Amino acid sequence: MSGQDLFCQPRRTRHGAALTLVLASVLVTGAATGSFDAPGRKNPSAKSAAPADHDVIDAATRAMDDGMSPMEAAERAVSRSGDRWGAVYSQGEYREFEEALDGEYTGVGLSARRERDGRIEVTEVQSGSPASAAGIRKGDRLRSVDGESVDGRPVPEVVSLLRGDAADATAGTPVRVGLQRGPRLWSEVLRRARLSTDPVTAHRRSDDVTVIRVAAFTKGSGDRVRAAVATVPRRAGIVLDLRGNSGGLVTEAVTAASAFLDGGLVATYDVDGRQRALHAAPGGDTGRPLVVLVDGGTMSAAELLTGALQDRGRAVVLGTRTFGKGSVQMPSRLPDGSVAELTVGHYRTPSGRGVDGHGITPDLQVDHDVLERAGTVLSGLGDAR
């Protein structure tokens, strides 16, 4: 399992609201498809809100009139609604959430994974980051964060410590990390910084295999996938690695699908009972062998893309069952400027499969040596033409 200190949960998740970078507000998709009466409107009024939105907005409005906290009232209303993915964000938290979707974050520039023995190993150091300036390298062991041992902890928890989520840490705040390189033990005090990252990376694993990894569907990631596909050698197959991809912007996932499909249906979704469809653009590479890697951390928009490629017979999906988040959230601005995001619908794959609560079952169940198995599968699919 791996993760970067950008792609952790929004900070309000520690209060039990949204769990990840969710299938971001469907209004972004609506603006692109013309599926809403006011395209691009990010903060619908109570008049246009879903019934559950009415309850939350009414509760917040009453609290404001009574001199109480609208945000707290909205959180109670969301909790009563039973909406698993409902969330209420302060203005600052929602702005941070949107910045994360823009590919910006506050952190130190480390990616890490947990080894089988529980050790946390640095897998990547972002160029120009505080971690890079301190001389931290890929392969170093991360032993502690601010005096807390990280051995055996899930990567998202380590990420949260690095970011300082519990204290709402901002750029410039210090974090002490304990490290090991061979027999050498040392610590560094890093100062968090505002960083940006490209969530799409590509590397040639061999002459016949290129791996394109998408960590999240932030703005521009779809076009980056298309650009990466264009650089793959003509007869090489592609491994599209979506493991640990917590989702992001639906429009970016659809653009990524367009890299591998020649038009056609990517997904359908409903908003307040009205059916809508998402289609790939024409002209994608439909002949090159393609394997998609997924796991339990593959969520939301990443599941939408996986389901499309699987249903359309475009890719062999390999790994373990995905998380199962197939719901659509819409943001509503509350009287004090905070934002409530409530579920208004669900999406389905081209064949009509519902994802929410079910996930996507891979064509081949594999939980170890995944890249090696992917290469074997690609070799059996034949050369790209």
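**Figure 1. Strands β13 and β16 run parallel and are joined by four bridges.** The model shown is predicted; local features need pLDDT of at least 70 and side-chain atom pairs count only at pLDDT 80 or more, whereas totals for chains, interfaces and linings use all residues. Residues are numbered from 1 along each chain as its sequence is written, and side-chain values use heavy atoms, with hydrogens and water left out. Strands are DSSP runs of E with at least two residues, helices are runs of H or I with at least four, and both are numbered from the N terminus. Two strands are said to pair if DSSP finds at least two bridges between them. On β17, the residue opposite L293 is L318, and β16 pairs with β17 in the parallel sense over four bridges.

**Figure 2. Strand β16 is mostly covered.** Five of its five residues are buried, a term that means under 20% relative accessible area, with exposed meaning over 50% and partly exposed in between (1.4 Å probe, protein chains only). In a regular strand the side chains alternate between the two faces of the sheet. From β16, L290, V292 and V294 point one way, while V291 and L293 point the other way.

**Figure 3. An open sheet of six strands has mixed pairing and the order β11-β12-β13-β16-β17-β20.** Strands β11 (200-206) and β20 (364-365) stand at the edges; each has a single partner strand, so one side of each is left without a neighbour in the sheet. Strand β11 runs antiparallel to β12 (residues 209-214), and six bridges join them. V200 has V214 of β12 as its bridge partner.

**Figure 4. Helices α9 and α10 lie across strands of the sheet.** Helix α9 (residues 301-311) lies across β13 (237-241), β16 (290-294) and β17 (316-319), and runs at about 145° to β16. Helix α10 (residues 370-381) lies across β11, β12, β13, β16, β17 and β20, at about 155° to β16. For these angles, axes are lines fitted to C-alpha atoms, for helices over the stretch in contact, and values run from 0 to 180 degrees between N-to-C directions. Contact itself means heavy atoms within 4.5 Å.

**Figure 5. F260 is buried in the loop between α8 (250-257) and β14 (265-271).** Its relative accessibility is 1%.

**Figure 6. S221 is placed in helix α7 (residues 221-230).** S221 counts as buried because its relative accessibility is 0%. Leaving aside neighbours within four places in sequence, S221 is in contact with P199, V200, A216 and E252.

**Figure 7. D146 and D369 each have a positive phi of about 50°.** Most residues other than glycine have a negative phi. D146 is found in the loop between β6 (141-145) and β7 (148-149), and D369 in the loop between β20 and α10. D146 is partly exposed, with a relative accessible area of 47%; D369 also counts as partly exposed, at 47% relative accessibility.
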